[in-house]
Amino acid sequence: MLISQLLARHIADVAQQGPPPETTDTALRLVLDVVGAGAAGAICNGPRAARRSVGAVFGAGDAPIWFCGTGSTVSGAVLCNVAASCALDVDDGHRAARGHPGAAVVATALALAQLHDHPAGRFLAAIVAGYDVGVRIAAAQNPAGIATRQSGRWAGLACVATAAAFLGHGPGVISQALSIAGVLAPNQQANGSSGYALLTGNDVKEGIAWSSVTGLMALELASNGHTGPEDFLDHPSFYNGESILSELGNRWEVNGLYLKPYACCRYIHPALDRLCDLVNQHDIAVDDVCKIEVETFAWATKLGNRTNPDNLIEVQYSLPYCLAVAIVDGPKALLPPRLDCLGRPDIEAVAEKVTISVRDDIDALFPSETLAIVSVETSTTRVTSTIGAPFGDPRCPMLWPDVEEKFRMLTRGVLATQQQQQIVDAVLALASGDVSPLLIALKSTTFDAHSQ
């Protein structure tokens, strides 16, 4: 049996049996995290452009565009909501996948839940299935055949699994939908740190929003008899099939996610945590800093890393600038960074003092681990951190209180305190299978989305 067919059976089984109990807590934290990222990111330029464009392409509909009081078709709403959730680079990720599954998976499940009745537990089951399939396929990519590792390459496959599980499609349709989505996925060859373009400060980012739309379209095509190459995962020069199927049904990839305490690329986080440790332990004043040295993995050196970024997206991909913001304004200034951090001589001066080098033993552990060591030299001393992983990884997870605190901090100024509490309570209600309170909260209007 082909791998796409085996995955299709797996997706159908998860939908029928419900989410494994050991995944519920993680899935709830994921939903709150994605919704918070979407609320905070909705006022960014890219999501605003998506909302202005979606009517002409997809038309109006009943699927809500979060916190805008407006709607579109499922595909249109998913495009807008995923774009908002990815805008600040504060959404979840998975080390094995080297990317971000959550926005595509959660936004798809919520859009469908608005329009379709579902058995109790089907919503969380769809999230678990989508995350599981997306991560397995992403982690199995052979870089010799698939050069770019951007999330848009496989986010549509996660969407197929999510939507198919929620809607209860059979394995035959699911297998064809996966195959179609695997072909139609955006190539992402130019963009980001794993592409050939050098300009990362743009709104395309990893292509997750458009990839999600291709996944939804692939499922619609398959349900109407369209076909794809079902053997697309069965070629070792492109995918490691054994990796895709390893412990299928026993190991749930959603439990391996990481969550982010800062709105910037995850490759920056281990250095941020180590720098903050040193500042707190040694009471380092910013005016005393002469040099900050970061030893880490090679991929962190491939980011934009501008010391004078022109926009907030470039901030998200600059290790020196994020470290400088954290030491000048405090780490909470990165949740998220605001426009007033741009063009700051005091921050740029500190960023110029940051050097990045590759440490071989750390690089050898990538991508399963993202580690860093930071040294700070002052006028009187030099201190060096331990080797450490970033907060939010599975071994040092952000638990519910951490995620709730992040949600409230991230959405301050966007959601009123009462609305924040409404969403927190609504996400907790998902544990009993009730998605309606969250759908009601997401349909509310919180800002003039189209004019901002």
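This is a predicted model: local features need pLDDT of at least 70, side-chain atom pairs count only at pLDDT 80 or more; totals for chains, interfaces and linings use all residues.
Colleague: Next one down. What is the volume of the second largest pocket?

Modeller: About 440 Å³. Its lining has 21 residues. Pro261, Tyr262, Pro331, Lys332 and Leu335 are the closest to the centre.

Colleague: Which elements give two or more residues there?

Modeller: α11 (269–282), α13 (319–329) and α16 (400–410). Of the elements in the lining of the second largest pocket, α11 gives the most, with 5 residues.

Colleague: How do the residues of that lining divide by class?

Modeller: Into 15 nonpolar, 1 polar and 5 charged for the second largest pocket.

Colleague: Now cavities. How many are there of 30 Å³ or more?

Modeller: The structure holds 2. The second largest cavity has a volume of about 40 Å³.

Colleague: Which residues line the second largest cavity?

Modeller: Gly38, Ala42, Arg51, Ile65, Trp66, Cys68, Cys80, Asn81 and Ala84. α4 gives the most to this lining, with 3 residues. By class, the lining of the second largest cavity has 6 nonpolar, 2 polar and 1 charged.

Colleague: On to rings. How many aromatic pairs does the count come to?

Modeller: It comes to 4 aromatic pairs. One of them joins phenylalanine 232 and tyrosine 239. That pair is edge-to-face, at 6.3 Å centre to centre with 80° between the planes.

Colleague: Is phenylalanine 232 buried or exposed?

Modeller: Phenylalanine 232 counts as buried, because its relative accessibility is 12% and the cut-off for buried is under 20%. Tyrosine 239 is buried too, at 9% relative accessibility.

Colleague: What about phenylalanine 297 and phenylalanine 366? Why is that pair stacked?

Modeller: The ring centres of phenylalanine 297 and phenylalanine 366 are 4.9 Å apart and the planes are at 15°, so the pair is stacked. Planes under 30 degrees apart count that way.

Colleague: Where do those two phenylalanines lie?

Modeller: Phenylalanine 297 is in the loop between β5 (289–296) and α12. Phenylalanine 366 is in the loop between α15 (360–363) and β7 (373–378). So the pair ties together parts that are 69 residues apart in sequence. Phenylalanine 297 counts as buried, at 0% relative accessibility. Phenylalanine 366 is buried as well, at 12%.

Colleague: Which residues do ring pairs link into a cluster?

Modeller: Tyr267, Phe297 and Phe366.

Colleague: Switching to tryptophan 299. Where does arginine 98 lie?

Modeller: Over the face of tryptophan 299. The distance from arginine 98 to the ring centre is 4.7 Å. Lysine 302 also has its charged end over the ring of tryptophan 299. For lysine 302, the distance to the ring centre is 4.1 Å.

Colleague: Alanine 104 next. Where is its place?

Modeller: In helix α5, which covers residues 102–115. Alanine 104 is buried, because its relative accessibility is 1%.

Colleague: What does alanine 104 touch, leaving out residues up to four places away in sequence?

Modeller: Val82, Ala155, Cys159, Ile208 and Ser212.

Colleague: And how far apart in space are alanine 104 and leucine 199?

Modeller: They are 24 Å apart, C-alpha to C-alpha. In sequence, alanine 104 and leucine 199 are 95 residues apart.

Colleague: Last one, aspartate 340. Buried or exposed?

Modeller: Exposed, because aspartate 340 has a relative accessible area of 55% and the cut-off for exposed is over 50%. Aspartate 340 is in the loop between α13 and α14 (345–351).

Colleague: What separates its C-alpha atom from that of leucine 312?

Modeller: 9.8 Å. Along the chain, aspartate 340 and leucine 312 are 28 residues apart.

Note on methods:
Residues are numbered from 1 along each chain as its sequence is written. Side-chain values use heavy atoms; hydrogens and water are left out. On a 1 Å grid over the protein atoms alone, a cavity is a set of points where a 1.4 Å probe fits but cannot get out, and a pocket is an open set with protein on both sides within 12 Å along at least five of seven lines; lining residues have an atom within 4 Å of a point. Grid points are joined across faces, edges and corners, and a volume is the space filled by probe spheres set on the points. Helices (H or I, at least four residues) and strands (E, at least two) are DSSP runs, numbered from the N terminus. Ala, Val, Leu, Ile, Met, Phe, Trp, Tyr, Cys and Pro count as nonpolar, Asp, Glu, Lys and Arg as charged, and the others, Gly among them, as polar. Buried means under 20% relative accessible area, exposed over 50%, partly exposed in between (1.4 Å probe, protein chains only). Contact means heavy atoms within 4.5 Å. Rings of Phe, Tyr and Trp (its six-membered ring) pair if their centres lie within 6.5 Å; planes under 30 degrees apart count as stacked, over 60 as edge-to-face and the rest as tilted. A charge sits over a ring if NZ of Lys or CZ of Arg is within 6 Å of the ring centre and within 35 degrees of the ring normal.
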